[in-house]
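Open your viewer, keep the selection panel handy, and follow along stop by stop.

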Amino acid sequence: MFDQLIAFFESVDPVWAALFAGLFTWSLTAIGAALVFVFRNPDKRLLDGMLGFTGGVMIAASFWSLLAPAINMSKGEGFTKVMPAAIGFALGALFLFALDKILPHLHLNHPVSKTEGVKTKTPWQKTTLLVLAITLHNIPEGLAVGVLFGGVAAGIPEATIAGALTLAIGIGLQNLPEGLAVSFPLRRAGMSRGKSFMYGQSSALVEPVAAVIGALAVGFFTPILPYALAFAAGAMIFVVIEEVVPETQQGDNGDIATLGFIGGFIAMMMLDVALG
């Protein structure tokens with residue numbers, strides 16, 4: 001099955017491949033959000049465990065799929081070899097830091113009074129703020145997938161179709177709980193199931209767009225690939241530390257969330273090493 005997927009993606013243009021992969025990761029978010037039609041009120045322990053799983057996948061993907069290849073493909077020795085990854089990593093984290101300070105958004109389970117970002121004259125609805133918070137998560141994920149496909153197009157040995165597909169599968173797996181994490185709080189707040197689903201899945205619509213942008217950028221500027229891979233890694237790790245981990249440790253389910261995190265890390269590590 002995986003070999004057939006590789007054969008298909010090798011037969012299409014890398015930008016189209018990035019788009020298809022981004023649509024796949026979005027579809028998993030939509031499936032997660034659609035669970036609002038199935039379950040009335042899922043256990044908070046399950047949600048925190050799944051959110052922890054999300055963080056584990058993102059951290060593992062940041063190293064195994066992004067940072068390690070970025071270092072391997074850099075030339076030179078010692079500090080010279082690691083500098084592109086270090087610079088790209090810092091820029092990615094700073095990019096998400098800037099978006100976090102500028103874009104109005106609201107963390108899950110927080111009151112509107114805790115809204116982050118630039119204050120606006122007209123208060124935004126809690127729904128919009130929640131969706132924007134998850135959208136921030138998804139920008140680096142889409143970029144990461146696109147950058148790997150762009151590296152394949154550029155003929156970089158460390159960037160492979162198998163590695164890009166493995167990353168897309170891992171991100172798709174952790175998108176399931178993300179869709180769930182948006183749709184159920186909205187449902188509990190009194191929104192209809194249909195609207196809860198629509199807002200939940202829309203938070204990942206940025207992923208196919210970011211994937212195409214990443215693929216195009218690397219395709220036009222091949223030398224930036226190590227920086228671009230590390231940039232995506234820095235952005236993803238910023239999201240985990242700033243958003244995901246604090247969210248899972250708010251209530252009484254910190255141990256469950258931590259175990260979910262470990263499980264997510266192991267799952268992504270095994271996927272990347274076995275398939276990528």
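Where is the place of L66? Select L66 and you will find yourself in helix α3; helices here are DSSP runs of H or I with at least four residues, strands are E runs of at least two, and both are numbered from the N terminus. A word on what you are viewing: this is a predicted model, in which local features need pLDDT of at least 70 and side-chain atom pairs count only at pLDDT 80 or more, while totals for chains, interfaces and linings use all residues. Residues are numbered from 1 along each chain as its sequence is written, and side-chain values use heavy atoms, with hydrogens and water left out.

**Around L66**

L66 counts as buried because its relative accessibility is 0% (buried means under 20% relative accessible area, exposed over 50%, partly exposed in between, with a 1.4 Å probe and protein chains only). Now show its contacts, meaning heavy atoms within 4.5 Å. Leaving out residues up to four places away in sequence, L66 touches A61, A144, L167, L229, A232, A233 and M236. Draw a distance to A232: the C-alpha atoms of L66 and A232 are 7.4 Å apart, although 166 residues separate the two in sequence.

**Along to S74**

Next, select S74, in the loop between α3 (44-72) and α4 (79-102). S74 is buried too, at 5% relative accessibility. Beyond its neighbours within four places in sequence, S74 is in contact with K81, P84 and P226.

**Out to the surface**

Select F79, V82, M83, I87, L91, L94, F97, L216, F220, F221, I224 and Y227 together: they form a nonpolar surface patch with about 1,200 Å² of accessible area. Areas come from the Shrake-Rupley method with a 1.4 Å probe, and for residues only the protein chains shown count as cover. The elements giving two or more residues to the patch are α4 and α8, and α4 gives the most, with seven. Pick I87 in α4; I87 is partly exposed at 36%.

**Down the axis of α8**

Which residues of α8 are buried? They are E207, P208, A210, A211, G214, A215 and V218.

**Last stop: A162**

Finish at A162 in helix α6 (residues 161-188). A162 is buried, at 14%, and its C-alpha lies 8.4 Å from that of F2, 160 residues away along the chain.

Note on methods:
Patches are made of residues with over 30% relative accessible area and no salt bridge: like charges are joined within 9 Å, nonpolar side chains (Val, Leu, Ile, Met, Phe, Trp, Tyr) within 5 Å. A salt bridge is a side-chain nitrogen of Lys or Arg within 4 Å of a carboxyl oxygen of Asp or Glu.
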